[in-house]
Amino acid sequence: MQKSVRYNEGHALYLALLARKEGTKRGYLSKKTAETNRWHEKWFALYQNVLFYFESEQSARPAGMYMLEGCSCERVPAPKGAAAGSAKDAAALDKQHYFTVLFGHEGQKPLELRCEDEVDGDEWVEAIHQASYSDILIEREVLMQKYIHLVQIVETEKIAANQLRHQLEDQDTEIERLKSEIVALNKTKERMRPYQGNQEDEDPDIKKIKKVQSFMRGWLCRRKWKTIVQDYICSPHAESMRKRNQIVFNMVEAESEYVHQLYVLVNCFLRPLRMAASSKKPPIRHDDVSSIFLNSETIMFLHEIFHQGLKARIANWPTLILADLFDILLPMLNIYQEFVRNHQYSLQVLANCKQNRDFDKLLKQYEANPACEGRMLETFLTYPMFQIPRYIITLHELLAHTPHEHGIKSLLCIVSDRVMHDEVSDTENIRKNLAIERMIVEGCDILLDTSQTFIRQGSLIQVPSVERGKLSKVRLGSLSLKKEGERQCFLFTKHFLICTRSSGGKLHLLKTGGVLSLIECTLIEETEAS
């Protein structure tokens, strides 16, 4: 009679405790029993190359364990018998993800497991693949090689440190020797210096000659330095620096004036009109105030911060760094773009509001404020649009008079290019959309959306779709096609336009399906050549 295999149960329980706390992978899995072929949910914990399973996560004693040394794990499809039962149960089981653990020796049935999450299943398969004592030995060998390499580096550093220490000691000895030589030389110089009493008995003519020589040396030095300073003042570098300084000072003055204009716009028009819109008989609505002024108050706050930064940098003159200040404005470019796009609409809303006599009378009262200097509200609404182009011009002028070796030049180039790129790209996109909208005879309202970005255009062949050997109605066209037709197509980020070209060369949108929303479309590629 064959005896059962004995094992240390205490050590197995200790390993199970470590697996519960420090296991490589832990969680609930469904395990298929070999006797009844039924699935039971167990809590599994993988520690090194031993897989424990418990009745639940709170169980202290394991229900069983598997030695994974020499085994393999792989994903398998759902078994055919797993879908037995009701349709609801079958649908639930189809969503399970199955994998099996195959043991290396014969006579051992594979361990069949499943889970509900595909990512969790992949992690279990990968963890079981790596649960091998041989892999641990390989990893230990790699770590030992790294340890030996680090020990060699430490020894080398110690040797180098000892060499440096000896060199420092030798240098200290050499310094002490040089100091003693200097002391000896100073003593010798003191002995060789003539007696000071002879200077009192010096001839008056010799004193006069020495005074003249001293005066001539001073005059020659002053003349030399004057020539050096005059040459630098007339040099191209000095001229470039003067122009650069003038550009910076003009920029500070223009920024101060710009902040003042925004202050007048907000405090003399925006805020009083908000208060008027909250009165019992408002001459204007809050929505109209928001439409007219939009985000002008935010622009004012932003430029007040920018102006304070400029004044702080000028206080540290001539050390001046401006690139990081302009970098603050880059994330805010969409604020200016939004204001520019809304400008025409704001003027239209303002014109409609002026039809109200009470509002027109109140607006004239605000415009009579001495701070406005006789300027109308329409004039102040144009000021925020001119600042970004002014910055672009100023940056390019500043770059033209900044030396190539100056560290700020690369930063200013980056800021200028990013500002110019954002402005030009949006402008070109709007122009392209409007050009396509004018090409279509009926027009297209979706192209007036500024967030609509053009991608590409070209001619495509529209073919009839076939269902069960019969021609069916083509979804892209208004009629059921019996032959192929050429279409002029335009692709945007949100829509796809399909047009037909008349004999005169004009484009017409298809009456049905001419404008397709890409959010609601599904692209299907048919690989059959027929």
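Let's start with His303. At 0% relative accessibility, His303 counts as buried, where buried means under 20% relative accessible area with a 1.4 Å probe, protein chains only. His303 sits in helix H9, residues 296-315. Helices here are DSSP runs of H or I, at least four residues, and strands are runs of E, at least two, numbered from the N terminus.

A word on the source. This is a predicted model: local features need pLDDT of at least 70, side-chain atom pairs count only at pLDDT 80 or more, and totals for chains, interfaces and linings use all residues. Residues are numbered from 1 along each chain as its sequence is written, and side-chain values use heavy atoms, with hydrogens and water left out.

What does His303 touch? Leaving aside residues up to four places away in sequence, the list is Glu255, Tyr258, Val259, Leu262, Tyr336, Gln387 and Tyr391. Contact means heavy atoms within 4.5 Å.

Now to two other helices. H7 (residues 236-277) and H14 (residues 387-400) pack at an angle of about 165°, axes 10 Å apart. Axes are lines fitted to C-alpha atoms over the stretch in contact, and angles run from 0 to 180 degrees between N-to-C directions. So H7 is roughly antiparallel to H14, a label for angles over 145 degrees.

Who meets whom? From H7: Arg244, Ile247, Val248, Met251, Ala254, Glu255 and Tyr258. From H14: Gln387, Arg390, Tyr391, Thr394, Glu397 and Leu398.

Last, the whole protein. The secondary structure comes to 15 helices and 14 strands. Of 530 residues, 33% count as buried.

Definitions and conventions: Parallel < 35°, antiparallel > 145°, perpendicular 65-115°, else oblique. Buried < 20%, exposed > 50% of the residue type's maximum accessible area, 1.4 Å probe, protein only.
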